[in-house]
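User: I would like to go through this structure with you. Could we begin with a strand pairing?

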Amino acid sequence: MEKLTNRSQLVVNKKMTFSERIYLPAIFGGMWITLKHFFKKSNTVSYPEEERPRSEVYRGLHVLKRDDEGKERCTACGLCAVACPAEAITMVAAERIKAEEHLYREEKYASIYEINMLRCIFCGLCEEACPKEAIFLTDRIVASEFSRDAFIYGKDKLVETIDNRIDISKRQVFSTGESMQPQNTIIN
Ligand code: SF4
Ligand code: SF4
C-alpha cells in the first residue's frame, strides 16, 4: 500500500525486559516527576482570592449606565437585542409616567432587561449598536453560579447604582491612548 507520509512506523510486539515487567522503575520515574513539581513555582491561580491581570480592553460583564442626574439611559429601543448574534438580550419596554421622570431619561424605558450570560459571547456588538450610550461591557468577570437560571442577569445586576458608578473609561481607550468615545460622552 502506498504511504501518505513517511512518518508511519512499523509496530513491533517486542518482549518486555525484566525491569519493564516489574513496573517499579516506571512507578519511581513517575513519582520522581511528581516530586519535582512540589518544588516548582505553581502556575495555578487561586481564583477568586487571586486574579490574573487582564487587558484594559477586556470585555466582561455588562453595565447599564445612568446619566449625570442618575436617570437610566436605556430607552428600550431594542437595537442591542437586534445586534446581538447570540440572541442573549431580551427586554420589555414600558411608558414612563410623570412620577418616574427622575428615574428614566426618556418617555420609554426597559421595565425588564435581561442578558443570558451563558449565551453571551462578549463580542461587544450591543455596546456598538446602542444609540444612547446606555450599555457597555466592563472589565468585570461574570461570577460562577450553580444553576443556569442564575446566569440570566436582570436590571438588578446590570444597572449601575447611583452611589457606585462603574468606571468604563479604561475599556473605552484605544491602545494608542485615544478615547473611543465622542468628547461629550458621559462615562462615569
Ligand atoms: S456582548 Fe455580544 S453576545 Fe453578549 S449580549 Fe452583547 S451583543 Fe450579545
Ligand atoms: S441598551 Fe441601548 S440599544 Fe439596548 S435597548 Fe437600551 S438604549 Fe436601546
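User: What is the bridge partner of Ile115 in strand 5?

Analyst: In this predicted model, Ile115 has Tyr153 as its bridge partner in strand 5. Strands here are DSSP runs of E of at least two residues, and helices are runs of H or I of at least four, numbered from the N terminus.

User: How many bridges join strand 3 to strand 5?

Analyst: Strand 3, residues 108-116, is joined to strand 5 by 2 bridges, and the two run antiparallel. Two strands pair if DSSP finds at least two bridges between them.

User: And which strands are at the edges of that sheet?

Analyst: The sheet is open, with 3 strands in the order 2-3-5 and antiparallel pairing. Its edge strands are strand 2 (89-95) and strand 5 (152-153), each of which pairs on one side only.

User: Changing topic, which residues are closest to ligand 2?

Analyst: They are Cys74, Cys77, Cys80, Cys130 and Ile135, out of 13 residues that surround ligand 2. A residue counts here if its C-beta atom, placed from the backbone, lies within 6 Å of the molecule.

User: How is the numbering done, and which confidence limits apply?

Analyst: Residues are numbered from 1 along each chain as its sequence is written, while chains are lettered from A and ligands numbered from 1 in the order written. Local features need pLDDT of at least 70, side-chain atom pairs count only at pLDDT 80 or more, and totals for chains, interfaces and linings use all residues.

User: What does the protein average in pLDDT?

Analyst: The average is 89, and 90% of the residues score at least 70; pLDDT is the predictor's confidence in each residue, from 0 to 100.
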